[in-house]
Amino acid sequence: MSSRKSHRAAQKHPLHPKSKNKGRGSEPEPGEGRPSQRWRPGVADHASKKAAREGKRGSPAAWSPREGLWASGGFPRALPSGQCVCPPRHPALSCVPVLPCPPLPPTRDLCSPLGGSWTHPGPPAGQNYWTSERHGQVQLRLEKNSLDYEAPLTVHDMVMDTAIKYADYIALGSKHRNGWHTLTYIEYYELCRRAAKAFLKLGLERFHSVGIMGFNSAEWAIASIGAIMAGGFSVGILSTNSPKACQVIAENTDMDIFVVDNDRQLQKVTQIQSYLKHLKGIVQYKDELQVEQENLYSWKEFLNLAGDISDEKLDRVIDSQKPNQCCTLVYRMGATSLSKIVMLSHDNITWTTAATVQSLCYKCPPEGQEVLVSYLPLSYIKAQIFDMWVAILVAGTLYFAPPEAGRVGMIPRPPGAGFLMDMLQEVQPTTFYGTPWIWERMLDNLKTSQLDSSTFRRKLDCWAMKLGLNTNKKRMFEQVHPPLCFRLAKMLTFNRARKFLGLSHCEQFFNIGLGLPTATLDFFLSLNIPIFELYGLSEGTGIHTLSSHQAFRLPSCGKGLPNTHTKVKEENEKCIGNICIWGRNIFMGYLNDKEGTQKMMDCYGWMNTGDLGCLDVNGFLYVLGNVKDLITLSSGEKINPRPIEERVKMHIPIVRHVMVVGQDAPYLCALLTLKCQINSETGEPRTALTSEAVAFCRKLKSQSTRLTDILHKRDPVVMEFISQGIKAVNAEAPSESARIIKWAILDTDFSVGGGELGITERLKRVAVAKMYQAEIDDFYEDSG
């Protein structure tokens with residue numbers, strides 16, 4: 001990657017987000033990030049040639065992507081009520097079937113929660129909303145309103161558009177031993193084109209894939225976009241995958257090229273390359289090559305291959321791409337093995353990105369510039385949408401951690417472990433996406449800091465947090481002016497907490513992963529840090545509903561993206577049922593799995609998520625479990641464990657994780673873990689209790705400070721408190737069958753490295769049941 005300036009020099013650059021001068025008035029000095037003039041005509045030339053080929057040049061009625069979804073600085077235009085403007089169809093969409101969205105059903109969906117019936121015709125004969133073929137095209141779910149009449153765009157059009165408009169703004173920042181290396185948007189785009197040419201030189205075939213396996217970096221993003229520009233599929237692969245898992249992915253996606261970050265990942269590919277009939281090249285983008293072998297390239301050698309491919313050849317490939325064709329493949333991990341390959345189209349990526357930006361509050365140059373930190377694996381589409389694509393659309397700056405931060409051993413660790421907290425202090429992001437693991441670490445650190453402070457400080461923080469919680473909960477339901485003392489609380493406590501976390505400049509906070517406990521959400525809300533929950537599957541391009549400053553209810557996942565629809569089917573007496581979704585974010589289908597795709601979608605384009613939840617009268621979605629997690633007792637009654645587990649955490653504050661068990665058993669039982677300190681470098685749990693848990697034990701008149709004090713010494717005070725907490729949970733149970741009869745405290749907390757949790761802290765129920773089978777068997781030993 002090009003090294004243009006140090007991080008300090010970048011901050012002094014008039015276009016850097018931390019600079020006081022956010023405009024474009026002064027020019028950078030030579031060698032300080034300005035792209036060479038030979039690059040700038042290349043982008044403009046490609047855009048003008050494409051416009052000329054499509055008959056747009058010189059026409060007063062000509063339409064361009066800038067006048068579509070990305071008009072007005074990257075935000076969709078809102079039309080006056082009743083006004084409908086339909087721009088001419090983009091010539092590249094001549095083969096894209098367009099069917100208006102069916103009218104909104106009067107069922108329990110986001111816009112019509114009152115119930116009713118609804119029927120409408122299906123798509124035209126011979127056309128469909130889904131496909132399982134790699135070269136297939138799908139029906140786009142377009143609606144009769146302003147947003148959906150905006151012409152769909154390809155990934156290349158979105159990236160090129162930002163590169164033209166915000167050429168000199170900093171796009172990417174990577175930390176190395178000698179400082180920060182940055183790329184402007186024009187450099188970013190040009191490197192993507194070079195990567196695309198190099199992929200073509202290596203023999204990347206249309207609709208074949210490029211696998212990217214490594215720690216997040218500028219090279220990761222460039223390789224992904226380059227693969228798409230070259231007509232292939234970008235496939236992100238977790239660095240913790242085994243060689244066998246990599247082989248399965250490569251074989252199922254017709255992988256032509258592997259891109260890896262270091263020698264360790266290279267060794268995985270070397271072990272399996274004899275089995276990969278399509279493999280034509282391997283690229284290593286970090287560290288020096290340790291071996292020499294045919295078709296193995298360093299990043300510099302790889303980019304140098306671009307010289308043999310002309311701009312015209314690449315442009316022909318780019319112009320042949322259509323928004324309703326596949327550009328990215330995402331692997332859905334099953335409970336025990338690799339399962340489904342999700343196909344996402346250009347329109348899935350570009351539309352979901354634009355709809356997300358429209359729903360939230362992002363800065364956009366020249367008024368300001370977003371600063372983002374990338375640490376969640378980009379192989380997860382949710383992280384990819386926020387880190388790569390949203391950053392591009394709003395012309396934000398995306399910062400990557402140093403390569404050594406990504407060094408992982410044989411044991412997986414949570415994203416961000418060992419480096420994220422320090423990086424936040426240095427970069428000071430304006431929007432932050434955290435996982436439950438990160439938010440829990442922040443909570444532990446804040447509570448430890450509060451407990452270590454003076455008595456006066458603790459009383460002051462307690463007053464401020466009560467005021468913050470009451471004020472922000474009122475804000476959720478109506479527009480209220482904060483009391484006069486709120487500004488004082490903000491100055492004395494709230495700003496202090498944000499500075500402690502490295503989030504002083506942050507204006508939006510998100511939780512990516514399983515919903516946070518109510519106690520955690522309330523704690524941060526009391527510090528004037530509203531954490532926005534969101535909901536989405538890989539099959540829904542990662543995002544379907546979002547919370548925001550304008551749409552915020554705890555503990556909901558917010559409201560749907562613009563012009564998406566949500567309905568709840570087969571509701572029970574509490575209006576909880578199966579969540580189904582509809583919109584342009586819905587995936588194309590599962591690659592080479594027609595049967596699996598048909599099970600997910602009906603002929604009208606509605607997708608059954610498999611999740612359980614409900615909608616309130618204001619359209620807020622609440623996700624309350626998953627069909628696969630339902631426990632069927634021996635009596636045949638089905639129990640949703642998630643609400644029970646949430647009640648346990650609420651009534652017993654020292655409990656970190658809960659897993660309710662009882663499949664095919666006569667009654668329910670629960671496995672509990674207590675809040676233990678976490679090794680910040682590895683994410684592994686320790687035996688010492690957290691400061692919060694120790695303080696809670698002191699309130700109970702218990703002297704326990706370690707997990708072993710409670711387990712081996714059988715601390716009667718703590719055990720009695722937990723027993724009373726379980727009784728309180730059972731008192732709120734909707735039925736006798738939903739009560740916890742027996743429980744046990746495990747001798748270690750759940751963790752990513754231990755295998756009980758996924759990367760985003762989702763509980764792996766099947767894995768936990770196998771690991772703790774002995775404890776589960778003990779629950780039912782006397783039940784016959």
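## Aromatic pairs

How many aromatic pairs does the count come to? The count comes to 24 aromatic pairs, where rings of Phe, Tyr and Trp (its six-membered ring) pair if their centres lie within 6.5 Å, and where planes under 30 degrees apart count as stacked, over 60 as edge-to-face and the rest as tilted. One of them joins Y285 and W299, an edge-to-face pair with 6.3 Å from centre to centre and 75 degrees between the planes. This pair links distant parts of the chain, 14 residues apart, since Y285 lies in the loop between β8 (281-284) and β9 (296-298) while W299 belongs to helix α9 (residues 299-304). Helices (H or I, at least four residues) and strands (E, at least two) are DSSP runs, numbered from the N terminus. Y285 is buried at a relative accessible area of 5%, and W299 is buried at 7%, buried meaning under 20% relative accessible area, exposed over 50% and partly exposed in between (1.4 Å probe, protein chains only).

This is a predicted model, in which local features need pLDDT of at least 70 and side-chain atom pairs count only at pLDDT 80 or more, whereas totals for chains, interfaces and linings use all residues. Residues are numbered from 1 along each chain as its sequence is written, and side-chain values use heavy atoms, with hydrogens and water left out.

## Charges over rings

The charged end of R141 sits over the ring of W582, at 6.0 Å from the ring centre, and R475 lies over the face of F486, with 5.0 Å to the centre of that ring. A charge sits over a ring if NZ of Lys or CZ of Arg is within 6 Å of the ring centre and within 35 degrees of the ring normal.

## Helix α11

Helix α11 (residues 346-359) has 14 residues and reaches 20 Å from its first C-alpha to its last, close to the 20 Å expected at 1.5 Å a residue, the expected span being 1.5 Å times one less than the number of residues. Because 13 of its 14 residues are buried, α11 is largely enclosed by the rest of the structure.

Strand β14 runs parallel to β15 (residues 508-511), to which 4 bridges join it, and F432 stands opposite F509 in β15. F432 also takes part in one aromatic cluster with Y375, W439, F523 and F524.

Definitions and conventions: Two strands pair if DSSP finds at least two bridges between them.
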